[in-house]
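This report describes the fold and the ligand surroundings of the chain displayed below. The discussion begins with the ligand and then turns to the helices and strands.

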Amino acid sequence: MAESGSSVEFSGSLTLPPPRTRIFKIIVIGDSGVGKTCLTYRFCAGKFPDKTEATIGVDFRERLVEIDGEKIKIQLWDTAGQERFRKSMVQHYYRNVHAVVFVYDVTNAASFRSLPAWIEECKQHALGTEVPRILVGNKCDLQDSIQVGTDVAQQFADAHSMPVFETSAKNPNSQDGNYGGGNSDHVEAIFMTVAHKLKSQKPLVLSQPPEGSGGTINLSRVRDDGGDGSRSWSCSSC
Ligand SMILES: Nc1nc2c(ncn2[C@@H]2O[C@H](COP(=O)(O)OP(=O)(O)OP(=O)(O)O)[C@@H](O)[C@H]2O)c(=O)[nH]1
């Protein structure tokens, strides 16, 4: 046993292992058809998908970004909006979540009215108030069909202490300044804002694979990576 007060001296130099990439797990939730898949695809693949199908279970999309010299993996969990496709997966979405993005469709008032139910679901899965949340109104390119005004969205966001962004996964570079940031990619800016906020918080969980949510569920791969950084999984018991 080492004597109390003794010290050990190292000679030579210590080589530290390379830092592990931090992963930020962000879940994207909201009614079916609001554009969760398109938003996450836009951020990870840089384009609007040619076609989408209703998400079954959950899709993972990842993108490696660099913030202030640190490489960070942003892992977006694109959850199914349809109840029948999500029920057996729900509890797994909410493990080790770093941030939540609530999405509604600005052309669909019902999707906006559903938001309290999505917030309640987060609460029931013990998501604390320390977990950053943001609200995203999608499909702003459909200017003639808007049913949810900016004012009402802002009031709702204020009441729930979260920022709100209006955007379009289809055309995130609004030319006329109706939403987004002129010629910049607004979807990109939204997710990067969340990542910056997470990075500025206390150190987070280090690398963990998406299936690191315990491995207790039976996941089957249903679609492979199509070059957009995505992996799709569904619960075989769904
Ligand atoms: N015009 C327009 N259409 C969009 C936009 N985003 C998504 N869509 C369309 O809306 C439909 C639904 O989009 P998804 O991304 O599949 O919706 P989702 O929320 O993932 O749906 P679930 O997987 O069922 O939960 C598709 O036909 C998309 O092409 C947008 O910004 N503008």
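Which helix gives the most to the shell around the ligand? In this predicted model, that helix is α1 (residues 36-45), with three residues in the shell. The ligand is surrounded by 20 residues, and the closest are Ser32, Gly35, Thr37, Thr55 and Gly81. Sorted by class, the shell comprises 10 polar, six nonpolar and four charged residues.

**Overall composition**

The chain contains eight strands and seven helices. Of its 238 residues, 35% are buried. Among the contacts in the chain with a separation of 6 or more, 70% are accounted for by residues 24 or more positions apart.

An α-helix has 3.6 residues a turn, so residues three or four places apart point the same way.

Helix α6 (residues 150-159) lies largely in the open, because one of its 10 residues is buried. After α6 comes Ser161, which has a positive phi near 50°.

**Strands**

| Strand pair | Sense | Bridges |
|---|---|---|
| β2 (residues 58-67) and β3 (residues 70-79) | antiparallel | 10 bridges |
| β1 and β4 | parallel | four bridges |
| β4 and β5 (residues 133-138) | parallel | six bridges |

Is strand β4 (residues 99-105) largely enclosed or largely open? Seven of its seven residues are buried, so β4 is largely enclosed by the rest of the structure. Its side chains are divided between two directions: Ala99, Val101, Val103 and Asp105 point one way, whereas Val100, Phe102 and Tyr104 point the other way, and all are buried. Ala99 in β4 is the bridge partner of Ile26, while Val103 has Val136 in β5 as its bridge partner.

Strand β1 (residues 22-29) includes Phe24. What places Phe24 in the buried class? Phe24 has 23 other C-beta atoms within 10 Å, and a residue counts as buried when that number is 20 or more. Phe24 also lies 9.6 Å from Glu62, C-alpha to C-alpha, although the two are 38 residues apart in sequence.

The hairpin of β2 and β3 has two residues between the strands, and Asp68 there takes a positive phi near 50°.

**Summary**

Strand β4 has seven of its seven residues buried, whereas helix α6 has one buried residue among 10.

Terms used
Residues numbered from 1 in each chain as written. Predicted model: local features only at pLDDT ≥ 70, side-chain atom pairs only at ≥ 80, totals over all residues. Buried ≥ 20, exposed ≤ 12 C-beta atoms within 10 Å, placed from the backbone. Near = placed C-beta within 6 Å. Nonpolar A, V, L, I, M, F, W, Y, C, P; charged D, E, K, R; others polar. Contact = placed C-beta atoms within 7 Å. Pairing = 2+ DSSP bridges.
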